[in-house]
Amino acid sequence: MKICMIGVGYVGLVSGACFADLGNTVYCIDNNQDKIDMLNMGKIPIYEPGLSEIVKKNYLSNRLKFSTNLKDAVIKSDIIFICVGTPSSKGKKSANLKYVFNAANELSKYINKFKIIVNKSTVPVSTGDIVEKIILKKKKKKLFEVVSNPEFLREGEAIRDFRFPDRIVIGCNNKKVIRKLESLYDPLIKKGAFFLSTSRRGAELIKYASNAFLATKISFINEIANLCEKTGVNVEDVSIGMGLDKRIGSRFLRAGPAYGGSCFPKDIAALAVTGDQYKTNLSIIKSVMKSNSNRKILLIERIKRILSNKIKNKEIAVLGVTFKPNTDDMRQSSSLKLLPFLQKKGAKINYYDPSGEKKEFSRLKNISFCRNIKEACKKADLIIIHTEWDEFKTIDFKKVSKNKKVKIYDMRNLYSSSKMQKLGFLYYSIGR
Ligand code: UGA
């Protein structure tokens with residue numbers, strides 16, 4: 001099939017490359033010329049393990065094309081995916097839909113025969129109705145169908161998530177269009193993905209409800225972890241014990257710092273706004289938002305206790321600052337609150353992250369980037385493991401730190417408390 005992806009951000013690029021890898025011809029369009037030039041030179045603008053190889057392979061076999069020419073791509077394609085960003089509106093919590101509406105308006109000019117317009121961007125319920133109205137201003141209804149097909153890709157795992165999805169959700173009432181999209185996704189359905197077709201609004205809401213539910217699961221276990229710390233229970237046993245109930249499931253029950261990233265915080269806030277707009281109080285969602293922002297304060301309080309309230313002049317090593325491993329993404333990472341707080345209190349911070357130095361900290365005095373674990377930890381009074389990158393799972397702390405009294409705060413529970421204590425470390429973790 002011939003496909004057009006509008007927007008070569010995270011979703012557009014990953015999905016476009018993977019669709020090409022399934023044998024389709026994919027036109028990836030973006031109005032950012034620099035980005036397109038970069039991609040045509042073989043450079044990948046985002047950090048995603050495995051993506052570069054797939055892009056290269058499909059680019060060389062001429063199935064994956066990068067250009068700014070929307071007109072040409074729309075004319076040549078049967079299916080057009082809108083994959084532009086939906087950031088939070090400035091000063092508001094609702095999703096900013098201007099890029100989606102711009103894309104709809106632009107592409108509508110070039111519809112020359114029947115096209116399936118698929119919205120893959122995360123958008124509030126009923127956005128598809130507005131997209132349809134925008135296109136109707138220029139083209140007759142029989143020339144297009146607007147569909148919702150949300151993505152469920154995780155950063156750092158996006159290729160695997162695309163290739164082996166749990167489900168493919170199509171929001172559309174037109175049977176012919178559903179069949180066409182089913183055949184596009186056929187290779188994935190054959191591998192076991194569930195194909196769910198529902199209403200357009202239904203698909204839009206499934207995306208938000210899924211992210212909100214996962215965020216709720218994390219906040220839930222994080223609060224249980226707080227109780228575990230007070231009652232001497234190991235939160236990991238609680239997660240395992242709960243997860244063994246198939247109705248609950250074991251995934252997304254890992255306690256840690258507050259959840260972050262470009263999706264959960266933004267989407268959950270937008271869902272709460274949608275609830276208010278429709279006069280439906282989504283009180284659980286609102287509590288989760290509050291619980292997650294309180295969590296950042298709780299972690300800071302814990303660090304204060306670990307350091308007996310003496311933060312000034314302490315050398316603190318922070319291992320990992322991204323919101324999760326295998327990404328360079330800093331958006332809504334709890335480290336953005338943590339490091340500046342410690343710095344303001346007079347600590348000297350050396351951080352190391354495998355994805356490199358972060359501009360977010362570059363202007364802050366006494367926060368320095370180190371090139372490896374050893375460099376960050378050598379003089380540390382406290383080592384904080386913030387993100388669970390693989391290379392932090394097997395650290396020989398005796399080798400990396402010269403300080404015999406070094407304290408370790410493992411926010412991802414990567415080490416066994418009893419083993420660390422036996423080795424003589426002052427070791428703190430989450431919910432144990
Ligand atoms: C999330 C969803 O998992 C994807 O299904 C969805 O497609 C995506 O948002 C999106 O809407 O585009 P992502 O933001 O990449 O994906 O990251 P997750 O792996 O879900 O992690 C989010 C946050 O939750 C991270 O800060 C992570 O450390 C935290 N987390 C996750 C926990 O603290 N505990 C867990 O058990 C799982």
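How many residues surround the ligand, and which are the closest?

1. The model is predicted. In it, 19 residues surround the ligand, and the closest are E151, L153, E155, K207 and N211.

2. By residue class, the shell around the ligand divides into 9 nonpolar, 8 charged and 2 polar residues. Two helices, α10 (200-231) and α12 (264-277), each supply at least two residues of this shell. The largest share comes from α10, with 3 residues.

3. Several polar atoms of the protein face oxygen atoms of the ligand. An N or O atom in the side chain of E151 is 2.9 Å from a ligand oxygen; E151 is also among the closest residues listed above. For K324, a polar side-chain atom lies 2.9 Å from an oxygen atom of the ligand. G260 takes part through its backbone instead: one of its polar backbone atoms is 3.0 Å from a ligand oxygen. As for cover, the ligand taken alone exposes 710 Å², and the protein buries 94% of that area.

4. Turning to the sheet, 6 strands form an open sheet with parallel pairing, in the order β11-β10-β9-β12-β13-β14. The edges are held by β11 (367-369) and β14 (426-429); each has a single partner strand, so one side of each is left without a neighbour in the sheet. On average, neighbouring strands of this sheet are turned by 20 degrees against each other, with direction ignored.

5. Within that order, β9 stands between β10 and β12. Strand β9 (residues 315-319) pairs with strand β12 (residues 382-385) in the parallel sense, over 4 bridges.

Methods: Residues are numbered from 1 along each chain as its sequence is written. This is a predicted model: local features need pLDDT of at least 70, side-chain atom pairs count only at pLDDT 80 or more; totals for chains, interfaces and linings use all residues. Side-chain values use heavy atoms; hydrogens and water are left out. A residue is near a molecule or strand if one of its heavy atoms lies within 4 Å of it. A polar contact is a pair of N or O atoms within 3.5 Å; within protein, one must be able to donate a hydrogen and the other to accept it, and residues adjacent in sequence count only if both atoms are side-chain atoms. Accessible areas come from the Shrake-Rupley method with a 1.4 Å probe; for residues, only the protein chains shown count as cover. Ala, Val, Leu, Ile, Met, Phe, Trp, Tyr, Cys and Pro count as nonpolar, Asp, Glu, Lys and Arg as charged, and the others, Gly among them, as polar. Two strands pair if DSSP finds at least two bridges between them. Axes are lines fitted to C-alpha atoms, for helices over the stretch in contact, and angles run from 0 to 180 degrees between N-to-C directions.
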